[in-house]
Amino acid sequence: MSPRLLLALCLALAGATASAAPLTEKQAGSLAARAVKGDLKAGDELERLAKDGDPMAQRFMGRLYSSGRGVPRNDEYAIEWYRKAAEQGDLLSMHNLAVMYAKAPGKLRNTAEALKWFRAAADKGYARSQANLAYMLIEGKGTPQDLPEAKAWLDKAVAQHEPFGEFLLGKLYRDGRGVDKDVARGIQLITEAAESGVREAQFELGLMYSDGVGVEKSDAKALDWLRKAGEQRYANAQYVLFGVYWRGALGQKRDSSKALIWLQRSANQEFAPAQFQLGLLYANGDGVPKDDRQAYTWMVEAAKNGSPEAAEFLKRIEPKPKAEVGK
């Protein structure tokens with residue numbers, strides 16, 4: 001073989017090897033970002049690499065479909081891509097797959113698979129998966145409740161300064177569940193989580209300041225933390241803020257306009273108590289124009305999301321079947 005031909009062959013092999021190298025997170029992220037902005041070539045390239053088995057490309061394809069950015073949102077496709085990457089050992093895909101199974105609507109939700117993949121990622125040291133696994137063990141979701149095991153996982157998560165883990169461990173210490181009660185330690189952890197942006201912790205801290213539980217009662221601090229949680233789209237906090245402004249609590253003047261804004265936000269997130277309350281306001285014309293159609297619509301949604309009050313309300317207004325003639 002001539003030296004020139006040998007050199008050409010070596011260069012070709014080197015090129016093939018380079019093209020087969022797996023994507024870095026930065027490279028895959030760049031392709032995904034361009035796809036979101038409408039770059040069809042970038043999207044096609046990312047999909048091609050994902051189909052060729054690149055785990056980073058698969059993870060970002062899952063992210064695109066789970067967010068609905070750059071492509072129509074499709075939870076089934078998101079799960080498929082995350083699973084492909086997770087089965088190749090991609091740690092973040094393991095976690096994302098578990099989250100999808102835990103939160104996906106309808107038949108796609110699979111608590112057993114969520115538990116399985118949270119545990120797989122937790123075993124590999126991923127702190128948020130450790131915290132989420134602990135949450136499932138505390139609540140008995142897909143597994144018998146096991147507070148000692150949950151505490152062990154939370155200790156590992158908190159050692160990595162994982163905020164959601166801090167919140168969960170803080171609640172255990174505050175309430176003395178599975179651990180010796182230590183209110184001061186509990187409040188410290190919950191506060192750290194709230195300051196790190198955990199909306200559940202912000203909500204919890206808001207309630208604690210509102211009631212003066214474990215902390216000195218403070219309407220200003222209560223309102224501040226509740227607002228922070230509400231602005232992060234935490235439906236429970238938004239519903240409580242409705243009550244604050246509707247009644248004029250926490251040192252605020254009664255303001256039905258602000259109250260209705262927070263109630264609508266909470267109802268829009270399928271929070272059944274807020275949907276029931278909004279239906280009730282429309283039914284009675286309380287703070288809003290009386291509107292039977294709106295009332296019925298919100299009551300149906302509330303009942304669908306588990307409100308027994310809404311289900312009972314609908315029973316009362318459903319038209320009675322007419323008696324058959326001659327009977």
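Mentor: Q277 has its place in helix 16, residues 272-284. A helix here is a DSSP run of H or I of at least four residues, numbered from the N terminus. The model is predicted, so local features need pLDDT of at least 70 and side-chain atom pairs pLDDT 80 or more, while totals for chains, interfaces and linings use all residues. Residues are numbered from 1 along each chain as its sequence is written, and side-chain values use heavy atoms, with hydrogens and water left out.

Trainee: Is Q277 buried or exposed?

Mentor: Burial is read from relative accessible area: buried is under 20%, exposed over 50%, and partly exposed in between, with a 1.4 Å probe and protein chains only. Q277 counts as buried because its relative accessibility is 19%. L278, also in helix 16, is buried at 2%. K41 in helix 3 is exposed, with a relative accessible area of 71%.

Trainee: What do Q277 and L278 touch?

Mentor: Contact means heavy atoms within 4.5 Å. Setting aside residues up to four places away in sequence, Q277 touches Y239, F242 and L263. With neighbours within four places likewise left aside, L278 is in contact with L263, Q264, A267 and W298.

Trainee: With which side chain does the side chain of S129 make a polar contact?

Mentor: A polar contact is a pair of N or O atoms within 3.5 Å; within protein, one must be able to donate a hydrogen and the other to accept it, and residues adjacent in sequence count only if both atoms are side-chain atoms. The side chain of S129 makes such a contact with that of H95, at 2.7 Å. S129 lies in helix 8, residues 127-139, and counts as buried because its relative accessible area is 0%. Beyond its neighbours within four places in sequence, S129 is in contact with H95, F118, A121 and A122.

Trainee: Which residues have the most contacts inside the largest nonpolar core?

Mentor: In soluble globular proteins, nonpolar side chains tend to be buried together. A nonpolar core is a set of buried Ala, Val, Leu, Ile, Met, Phe, Trp, Tyr and Cys residues joined through side-chain atoms within 4.5 Å. The largest core has 96 residues, and L46 and F167 have the most contacts inside it. Helix 14 gives the most to this core, with 7 residues. Leaving aside neighbours within four places in sequence, F167 is in contact with L189, I190, A193, V198, E200, A201 and E204.

Trainee: What is the volume of the largest pocket?

Mentor: On a 1 Å grid over the protein atoms alone, a pocket is an open set of points where a 1.4 Å probe fits, with protein on both sides within 12 Å along at least five of seven lines; lining residues have an atom within 4 Å of a point. Points are joined across faces, edges and corners, and a volume is the space filled by probe spheres set on them. The largest pocket has a volume of about 2,000 Å³. Of its 50 lining residues, A102, K103, Y135, R199 and E200 are the closest to its centre. Helix 10 gives the most to this lining, with 7 residues.

Methods:
Helices (H or I, at least four residues) and strands (E, at least two) are DSSP runs, numbered from the N terminus.
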